[in-house]
Amino acid sequence: MSNTSAHTMHDKLANMELLTLDNPVFCCYLFWATVLVVKMLLMSLLTALQRFRYKVFPNEEDLFFKNIEVQFDDPHVERVRRAHRNDMENILPYFIMALIYVSTNPNPLVACNLFRVAAIARIVHTLVYALFPVPQPSRILAFATMLLITFYMAAVVALRTLRFI
Amino acid sequence: MSNTSAHTMHDKLANMELLTLDNPVFCCYLFWATVLVVKMLLMSLLTALQRFRYKVFPNEEDLFFKNIEVQFDDPHVERVRRAHRNDMENILPYFIMALIYVSTNPNPLVACNLFRVAAIARIVHTLVYALFPVPQPSRILAFATMLLITFYMAAVVALRTLRFI
Amino acid sequence: MSNTSAHTMHDKLANMELLTLDNPVFCCYLFWATVLVVKMLLMSLLTALQRFRYKVFPNEEDLFFKNIEVQFDDPHVERVRRAHRNDMENILPYFIMALIYVSTNPNPLVACNLFRVAAIARIVHTLVYALFPVPQPSRILAFATMLLITFYMAAVVALRTLRFI
């Protein structure tokens with residue numbers, strides 16, 4: 001198929017089917033968003049694991065061991081909670097941004113690779129922040145990768161929809 | 001209508017109309033997602049209520065009463081804030097996960113019941129965490145219910161979209 | 001075109017094309033959601049800026065200057081983090097609520113103006129909370145604006161989908 005006709009067909013079908021499984025870009029978003037959702041939920045379990053390991057609980061009713069009191073400043077628990085909060089600050093807005101970016105019919109190759117890089121960057125971020133703390137700038141680089149990708153998607157969507165301000 | 005023809009029709013219409021009001025599963029998602037959004041926003045108001053009740057404010061400009069200072073460690077306020085943070089950690093990823101789960105055309109009966117159970121579990125979680133603290137494992141069970149439902153949806157979506165990795 | 005026929009056409013096309021660029025209401029949502037995503041991500045950068053300005057870092061590996069220790073209670077940093085947390089508590093549920101509100105085919109004029117007012121209210125909230133602290137009730141008003149808009153959207157969606165409970 002010639003480039004031109006492919007483009008025309010792309011345009012015709014586009015708006016009707018972008019948020020369906022017929023759109024490979026949407027499927028790619030689905031897969032990597034799912035990976036990130038699972039990664040985020042594992043942070044909850046990791047926090048719970050650290051709480052039991054170091055016997056640090058924030059509520060009276062959680063004191064599963066004798067002779068302990070509620071405690072809030074354990075560094076091992078707080079590190080995981082900071083990593084989890086950073087996930088919420090960055091990944092949750094990314095989910096919405098990437099979804100609406102798909103709905104603007106982006107270049108499939110660019111979009112799919114952005115989804116892959118963003119998801120892997122956040123997995124690296126968790127590894128170097130919560131699991132195996134390593135010297136900077138590894139965490140800053142992993143953090144900046146998804147941030148810049150989200151800004152890029154924001155720029156694309158904002159330019160496409162600017163006249164609806 | 002026979003089971004087979006219903007299934008065929010289901011498949012034909014599916015990808016075009018999944019994220020519309022024509023799809024009862026999507027409508028069910030809309031209703032229960034709305035319930036959870038309202039529940040989450042009420043946590044903000046509950047925090048504000050506790051702040052006024054115990055006169056605990058985090059900013060200089062919020063000191064609505066005489067002779068008080070900014071304060072951060074009131075147990076009644078912090079309990080509500082922990083419950084609210086737990087909501088954000090679990091419900092917000094669930095919103096995205098459930099939405100993209102709808103877009104993969106799940107079994108209507110399974111999907112609708114998952115939405116119902118997940119929403120009610122989180123309402124129970126709020127009751128036993130923020131409003132009427134009760135002994136464990138009530139909170140852990142309520143927490144685990146939505147977590148497992150989200151993992152199940154993630155597994156379904158990941159298997160459907162694995163080849164777009 | 002007469003009002004009646006416009007309405008009929010509106011109804012016919014509606015469910016198929018609501019979440020596409022053919023729907024001006026969706027485009028308006030895209031634009032203002034993008035603005036809010038960018039605003040939220042800038043809070044991360046503002047926190048980082050405050051951390052470098054006041055040399056307050058939460059992790060051992062972040063101590064970019066000599067002779068400093070990890071520190072958690074700097075008022076300038078904590079103010080920005082509270083504003084950021086408030087964003088997450090309010091804007092992230094709003095993203096989902098507004099998206100599913102669009103899918104219920106709302107009145108275009110009402111919907112677009114709600115998106116505009118909500119986004120501008122949250123920008124004002126950030127200005128009066130994180131950047132230039134001013135006396136109350138400016139922050140409460142900015143906060144209440146998006147909250148009430150989200151509740152309104154929730155009421156509309158819940159009434160439309162109540163029979164799918």
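Analyst: What follows is a set of questions about the terms, each answered by setting a value against a definition. This is a predicted model, in which local features need pLDDT of at least 70 and side-chain atom pairs count only at pLDDT 80 or more, while totals for chains, interfaces and linings use all residues. Residues are numbered from 1 along each chain as its sequence is written, chains are lettered from A and ligands numbered from 1 in the order in which they are written, and side-chain values use heavy atoms, with hydrogens and water left out.

User: How do you know that the copies meet through different surfaces?

Analyst: Contact means heavy atoms within 4.5 Å. Only 19% of the interface residues of chain B are also interface residues in chain A, so the copies meet through different surfaces.

User: What is the area buried between chain C and chain A?

Analyst: Buried area is the accessible area (1.4 Å probe) that two parts lose on being put together, summed over both, and here the value is about 3,200 Å², with 70% given by carbon and sulfur atoms. In chain C, the residues that lose the most area to chain A are C:F31, C:L41 and C:E61, which together make up 20% of what that side buries. The contact draws 39 residues from chain C and 36 residues from chain A, yet the count of salt bridges between these two chains is zero.

User: Why is the pair A:K39 and A:D87 called a salt bridge?

Analyst: The term requires a side-chain nitrogen of Lys or Arg within 4 Å of a carboxyl oxygen of Asp or Glu. In A:K39 and A:D87 the closest N and O atoms are 2.5 Å apart, and the pair therefore meets that cut-off. A:K39 lies in helix α2 (residues 24-54) of chain A and A:D87 in helix α3 (residues 75-102), so the pair ties together parts that are 48 residues apart in sequence. Helices of this kind are DSSP runs (H or I, at least four residues), numbered from the N terminus. A network of salt bridges links A:K39, A:D87 and A:R122.

User: Are A:K39 and A:D87 buried or exposed, and how do you know?

Analyst: Buried means under 20% relative accessible area, exposed over 50%, and partly exposed in between (1.4 Å probe, protein chains only). A:K39, at 9% relative accessibility, therefore counts as buried, and so does A:D87, at 0%.

User: Why is B:E78 called partly exposed?

Analyst: The relative accessible area of B:E78 is 21%, and B:E78 is therefore partly exposed. B:R81, at 22% relative accessibility, also counts as partly exposed. The side chains of B:E78 and B:R81 meet in a salt bridge at 3.6 Å, N to O.

Conventions: Helices (H or I, at least four residues) and strands (E, at least two) are DSSP runs, numbered from the N terminus.
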